[in-house]
Amino acid sequence: MTTLAPASAVRTPVCAYDDLTPDLGVAALVGDVQVAVFRLDDGSVHAVQNLDPFSEAHVMSRGITGSRGDVPTIASPIYKQVFSLVTGECLVTMDKTPRPGHAADLAVYPVTVDNGQVIIDLVGSE
Amino acid sequence: MATAALRRFTPRLLVEDADEDTVIRAIDRYLMLYIRTADRLQRTAPWQAEYEGGLEAIREVVLEDSSASAPTSTPTWPTTSTPTRTSGRPCSTTPSGSSSSPAFVNAPETADPSLAYVEERGQRRPATPAERVALVGSASLEEIR
């Protein structure tokens, strides 16, 4: 397919960058994985797992964007845990523990904007 | 005002045998008089009870334009036809139509596969974790790695 990406890379176009509303998220299907994609006010695009580890609901794309210092964050709409959009690290646990079998931190997916298209590269994820 | 301090007030008749226009105008003027003269957080019943001149005075203002300082006879209550929107986030910017809010931006026809429902007494409810195992095949719905 594309010559630049490594042979194993799966580049999944998600949507047009212009379709994203600043500070709001959308959910996308990348293979079988639900990914939450956010465009922030500064123009950057971030992608994390859509699964909320504290509620086991696929709702992170409906969370509220914010920041802790310079770190852009996403807050779960269920129990309000706060996660870094850069590293996925859970910054505020709200004194709760994630559901069994889940890490508190979110998986982060590399996301690029190419030719106006938002593209997620699953192979580069943790 | 403590809840325990609230007591029942007997409904009192302001006007009877009124046509629709009179009723609407009376409600409008009653509410505007209340808004302009009641204390902060004072409810309508105590306001009505403590209004100088009592219900008779309110009736004169509401129905008979007795007071110069009373609300004007034209409706002042904001009409509800004016759409309101909060500042900041836009309302849905996508044109309404076929699918107002698809689960996935890149697969608008696909429903969220993690959602499982069970019918109970003729109504749909979310499946319990145990039921989910049978329906979706995984209780914890772990993301694939």
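Student: Let's start with the hairpin of β12(A) and β13(A). Which residue there takes a positive phi?
Tutor: N115(A) does, with a phi near 60 degrees. The hairpin leaves 2 residues between its strands. Keep in mind that this is a predicted model.

Student: How many bridges hold β12(A) and β13(A) together?
Tutor: There are 4 bridges, and the strands run antiparallel. β12 of chain A covers residues 111-114, and β13 of chain A covers residues 117-121.

Student: Which residue of β13(A) is the bridge partner of V113(A)?
Tutor: V118(A) is the partner of V113(A). V118(A) is also the bridge partner of C15(A).

Student: What else does V118(A) touch, leaving out residues up to four places away in sequence?
Tutor: Its contacts include T12(A), P13(A), V14(A), A16(A) and Y17(A). L20(A), V37(A), V45(A) and V111(A) are also among them.

Student: Ok, new topic. Which strands make up the open sheet of 4 strands?
Tutor: In chain A the order is β2-β3-β4-β11, and the pairing is antiparallel. β2 (24-30) and β11 (108-109) have a single partner strand each, so one side of each has no neighbour in the sheet.

Student: And how many bridges join β3 to β4 in chain A?
Tutor: 5 bridges join them. β3(A) spans residues 33-39 and β4(A) spans residues 45-49. Within this pair, V37(A) stands opposite A47(A).

Student: Which residues touch the most other members in the largest nonpolar core?
Tutor: That core has 16 residues, and V37(A) and A47(A) are among those that touch the most other members.

Student: Switching to charges. How many salt bridges are there over all chains?
Tutor: The structure holds 6. One of the salt bridges is between D114(A) and R11(A), with the closest N and O atoms 3.2 Å apart. D114(A) lies in β12 of chain A and R11(A) in β1 of chain A, so the pair ties together parts that are 103 residues apart in sequence.

Student: What is the relative accessible area of D114(A)? And of R11(A)?
Tutor: D114(A) is partly exposed at 37%. R11(A) is partly exposed at 30%.

Student: What does E56(B) pair with?
Tutor: E56(B) forms a salt bridge with R59(B), and the closest N and O atoms are 2.7 Å apart. The two residues are 3 apart in helix α3 (residues 54-64) of chain B, which means about one helical turn separates them. E56(B) counts as partly exposed, at 42% relative accessibility.

Student: Which residues are linked in a network of salt bridges?
Tutor: E120(B), R121(B), R125(B) and E131(B) are. Between R125(B) and E120(B), the closest N and O atoms are 2.9 Å apart. R125(B) is partly exposed at 21%, and E120(B) is partly exposed at 32%.

Student: Last one: T10(B). Buried or exposed?
Tutor: T10(B) is exposed, with a relative accessible area of 66%. T10(B) sits in the segment before α1 (20-37) of chain B.

Student: How far is T10(B) from A45(B) in space?
Tutor: Their C-alpha atoms are 8.9 Å apart. In sequence, T10(B) and A45(B) are 35 residues apart.

Key
Residues numbered from 1 in each chain as written. Chains lettered and ligands numbered in written order. Predicted model: local features only at pLDDT ≥ 70, side-chain atom pairs only at ≥ 80, totals over all residues. Heavy atoms only, no water. Pairing = 2+ DSSP bridges. Salt bridge = Lys/Arg side-chain N within 4 Å of Asp/Glu carboxyl O. Buried < 20%, exposed > 50% of the residue type's maximum accessible area, 1.4 Å probe, protein only. Core = buried A, V, L, I, M, F, W, Y, C linked by side-chain atoms within 4.5 Å. Contact = heavy atoms within 4.5 Å.
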